[in-house]
Amino acid sequence: MTRLLISATLGILLITTGCASQLPLARTSPAATDVAPPTSDAAPAGMAAPAANAAIGNAAAPPTGATADAAAAMADATPNAAHAIAARVASSAEATSADDDFAAIYGTRAANGAGSSDSLDQLDPWEPMNRRVHAFNTAIDHGIMHPLAVAYTKITPAPLRKGISNVFDNLAAPLAFGNLLLQGRPRASVETLGRFLVNTVIGIGGIFDPATKALKMHRHSADFGRTLARWGWHESRYLELPLLGPRTVRDAVGAAGDITMAPLTYVEHDSSRLSLEALWLVDTRAGLLPLDELREAAPDEYVLTRDAWLARRRYLINSDRSQNDEGNESLPAYLLEDEPASSPVPTASH
C-alpha cells in the first residue's frame, strides 16, 4: 500500500512538472509577444507574478473552458503574427532599397558610413556662425527668390524654361572644359568642348541639345573646387556664405578661380550682364523647387542642407577620381520635374 501511494505521488509530481514546463513556452511564443494588444482589462504589473504562480499551481488541474479560450485566443493571434512578420519583412526591404538608392546617388563610401552625419559634423566646426548665415539666406529665399521662382514657372512655358536652362548649361561648358584639362582628363575635356561647339552652332546658342539627343555625347560637369580636390585637397571645413549658400573653404577658393573662366564675366555691357545673371539665378532656383517640401518636412533644415550638400560634393569628387561622371546633373533624376507623358499610339486590331 505504501509503495502504491509513493508511485501515485511521483506520477502526480511528474505530470505537474511537465505541464508547468510547457506553460511558459506557450506564454512567451513570438506570436503572443509580438501581437498581443493591450486591453482595458489588463492586470497591473504587480499582479503578474501572482497570476503566473496561480497558472502554474492550476496546471495539474483537469482541462476547463479557460484552457479552450486560451487556445482560441492563440489561434486568433496567429494570423495577426503573420501580418506583423510580413510588415517587418516589407520594412526591411524598404530600408534595403533606400540604402541602395543612397549608394547610387552619393556613392558606396557614403552608404557605408563615410558620408554619415557624424563624419559630416566634424567638417562643421563653425556651426553657430553658419546657422546664423543660413537663417539670413533662408529669409532672403522665402522673401525674394522663392516667389520669383514660382512666378517664373507660372509665367514661362515649360519648353521655354527648358531652352533657357540649356543655354546656361551650355555657357558652363567652357568652365568645365578648363577644369577637366586641369584635372588631367583630356578625353572628357575634348568631349565637353565638342558638346559646346555642337550645341552653340546647331543648337542655336545652346537652346537645343543635339549633342546629347543626336550624337549621344556625355555631359561632364567640373569646377575649380573639384579640381583642387582632385589634386589633394580632399576634405575642407563647411562654410555657408551670405547670398551664395553652402560651400566649403576649398570650394570658396575654387569659386574665385571659376570667375575668371565664366563666360558671363566677359559681357561688357553691365546691365546686360546683370540681367543675364539675375535670369540665371531665378532659373536655378526654379530648378530647386522640387526640394522645398523635403526641406520644410525636415526636423532640422540646416542639417539637411549641410549633409545633403556635403554628401553630393563627395559623390562628385569621387566620380572625378574614377572618371565615371557621365551625365552628372545638378539634381538626381528622381527629383527633377516629370515631363508630360506622350499619349499611347493606338494599335490596329486584327
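Predicted model: local features only at pLDDT ≥ 70, side-chain atom pairs only at ≥ 80, totals over all residues.
A residue is called buried here when its relative accessible area is under 20%, exposed when it is over 50%, and partly exposed in between, using a 1.4 Å probe and protein chains only.

## Overview

Residues are numbered from 1 along each chain as its sequence is written, and side-chain values use heavy atoms, with hydrogens and water left out.

The secondary structure of the protein chain comes to 16 helices and 2 strands; helices (H or I, at least four residues) and strands (E, at least two) are DSSP runs, numbered from the N terminus. Contact means heavy atoms within 4.5 Å. Among contacts between residues at least 6 apart in sequence, 72% join residues at least 24 apart.

## Helix 7 against helix 14

Two packed helices are described by the angle between their axes and the distance between the axes. Helix 7 (residues 127–155) and helix 14 (residues 270–287) pack at about 85°, and their axes are 8 Å apart. The axes are lines fitted to C-alpha atoms, for helices over the stretch in contact, with angles running from 0 to 180 degrees between N-to-C directions. Helix 7 and helix 14 are therefore roughly perpendicular, a label for angles of 65 to 115 degrees, whereas under 35 is roughly parallel, over 145 roughly antiparallel and the rest oblique.

Helix 7 brings Asp141, Met145, His146, Leu148, Ala149, Tyr152 and Thr153 to this contact, and helix 14 brings Leu279, Leu281, Val282, Asp283, Arg285 and Ala286. Sorted by type, these residues are 8 nonpolar, 2 polar and 3 charged. In this scheme Ala, Val, Leu, Ile, Met, Phe, Trp, Tyr, Cys and Pro count as nonpolar, Asp, Glu, Lys and Arg as charged, and the others, Gly among them, as polar.

Helix 14 itself has 18 residues and reaches 26 Å from its first C-alpha to its last, close to the 26 Å expected at 1.5 Å a residue. That expected span is 1.5 Å times one less than the number of residues. Arg273, Val282, Asp283, Arg285 and Ala286 are buried in helix 14, and the buried residues of this helix pack against helix 7, helix 8 (158–171) and helix 15 (292–297).

## Two nonpolar cores

A nonpolar core is a set of buried Ala, Val, Leu, Ile, Met, Phe, Trp, Tyr and Cys residues joined through side-chain atoms within 4.5 Å. The largest has 7 residues: Ala149, Tyr152, Ile164, Phe168, Val282, Ala286 and Leu289. At least two residues of this core come from each of helix 7, helix 8 and helix 14. A second, separate core of 5 residues includes Leu120, Leu123, Tyr238 and Tyr302.

Tyr152 is a handy place to start looking: not counting residues up to four places away in sequence, Tyr152 touches Arg161, Ile164, Leu279, Val282, Asp283 and Ala286.

Arg250, in helix 13 (residues 249–259), counts as buried at 3% relative accessibility. Leaving aside neighbours within four places in sequence, Arg250 is in contact with Gly225, Leu228, Ala229, Trp233, His234, Glu235, Ser236 and Ile317.

Arg295 lies in helix 15 and is partly exposed, at 24% relative accessible area. Its contacts, not counting residues up to four places away in sequence, are Asp141, Arg285, Glu301 and Leu304. Arg237 sits in the loop between helix 12 (224–230) and strand 1 and counts as partly exposed at 42%. Arg237 and Thr248 are 11 residues apart in sequence but 5.4 Å apart in space, C-alpha to C-alpha.

## Positive phi in two loops

Most residues other than glycine have a negative phi. Ile204, although not a glycine, has a positive phi of about 55°; Ile204 is in the loop between helix 10 (186–201) and helix 11 (210–213) and counts as exposed at 53% relative accessibility.

Leu243 also has a positive phi, near 70°. Leu243 is found in the loop between strand 1 (238–241) and strand 2 (245–248), and is exposed with a relative accessible area of 65%.
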